[in-house]
Amino acid sequence: MRAGRIAVAGALLAAIGTIMLTHLVTDEPRFVAAFLPTWVVLGLGYGLAVPTAITRATVGLPPKDSATGSAIVTMATQLGSVIGISVLVAILGRASGAASHAVFQHAWYVSAGALVAAALASFGLDSPATAPSRPDLPPARASAADANDPEAARL
């Protein structure tokens, strides 16, 4: 299965789990019937989407740049999480449980909408990566370390 389709399925599963969250607040405890399945769906969704997107973002990097590329992608993921949480807190109006149930539902619907947008964007993970041509730069030369690296020879 192609990476984009896996990420799309994961983001859509996470969106479904997020919508399921809107129905969790009731007067009766329903851990096995509601809470557990909701978090399983969310976990499966994020477990499919996030590692697939990170892997796809770094798969074409040369071995010597893979750690830096992975760090940049992880940093962008964390920055996106911070911005997303900030938006949800702004929707709630306060970072506490004092907000009404309807306000929490609205925040979760916004989050589900963002996950659907992420699913649509994930279709682009299957397109081949293209780098712009730079005729003004001299051709890259292999370093002495790359000369003994069979992986670098294939690149």
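**Close-up views of a predicted model**

**View 1. Packing of helix H1 against helix H4 at an angle of about 170°.** In this predicted model, helix H1 (residues 3–21) packs with helix H4 (residues 101–122), and their axes are 8 Å apart. Because angles over 145 degrees count as roughly antiparallel, H1 is roughly antiparallel to H4. On the H1 side, the contact is made by Gly 4, Ala 7, Val 8, Ala 11, Leu 12, Ala 14, Ala 15, Thr 18, Ile 19 and Leu 21. H4 contributes Trp 108, Tyr 109, Ser 111, Ala 112, Leu 115, Val 116, Ala 118, Ala 119 and Ser 122. By class, the contact of H1 with H4 consists of 15 nonpolar and four polar residues, with no charged residues.

**View 2. The largest pocket, with a volume of about 1,000 Å³.** The largest pocket is lined by 33 residues, of which Tyr 46, Gly 80, Ser 81, Ser 111 and Leu 115 are the closest to its centre. Two of these residues, Ser 111 and Leu 115, also take part in the contact of H4 with H1. At least two lining residues come from each of H1, helix H2 (31–58), helix H3 (66–92) and H4. H3 gives the most, with eleven residues. The lining comprises 26 nonpolar and seven polar residues, and no charged ones.

**View 3. The one aromatic pair of the structure.** The pair is formed by the rings of Phe 35 and Trp 39, whose centres are 6.0 Å apart. The ring planes stand at 55°, so the pair is tilted. Both residues belong to helix H2, where Phe 35 and Trp 39 are four residues apart, about one turn of the helix.

Terms used: Residues are numbered from 1 along each chain as its sequence is written. This is a predicted model: local features need pLDDT of at least 70, side-chain atom pairs count only at pLDDT 80 or more; totals for chains, interfaces and linings use all residues. Side-chain values use heavy atoms; hydrogens and water are left out. Axes are lines fitted to C-alpha atoms, for helices over the stretch in contact, and angles run from 0 to 180 degrees between N-to-C directions. Angles under 35 degrees count as roughly parallel, over 145 as roughly antiparallel, 65 to 115 as roughly perpendicular and the rest as oblique. Contact means heavy atoms within 4.5 Å. Ala, Val, Leu, Ile, Met, Phe, Trp, Tyr, Cys and Pro count as nonpolar, Asp, Glu, Lys and Arg as charged, and the others, Gly among them, as polar. On a 1 Å grid over the protein atoms alone, a cavity is a set of points where a 1.4 Å probe fits but cannot get out, and a pocket is an open set with protein on both sides within 12 Å along at least five of seven lines; lining residues have an atom within 4 Å of a point. Grid points are joined across faces, edges and corners, and a volume is the space filled by probe spheres set on the points. Rings of Phe, Tyr and Trp (its six-membered ring) pair if their centres lie within 6.5 Å; planes under 30 degrees apart count as stacked, over 60 as edge-to-face and the rest as tilted.
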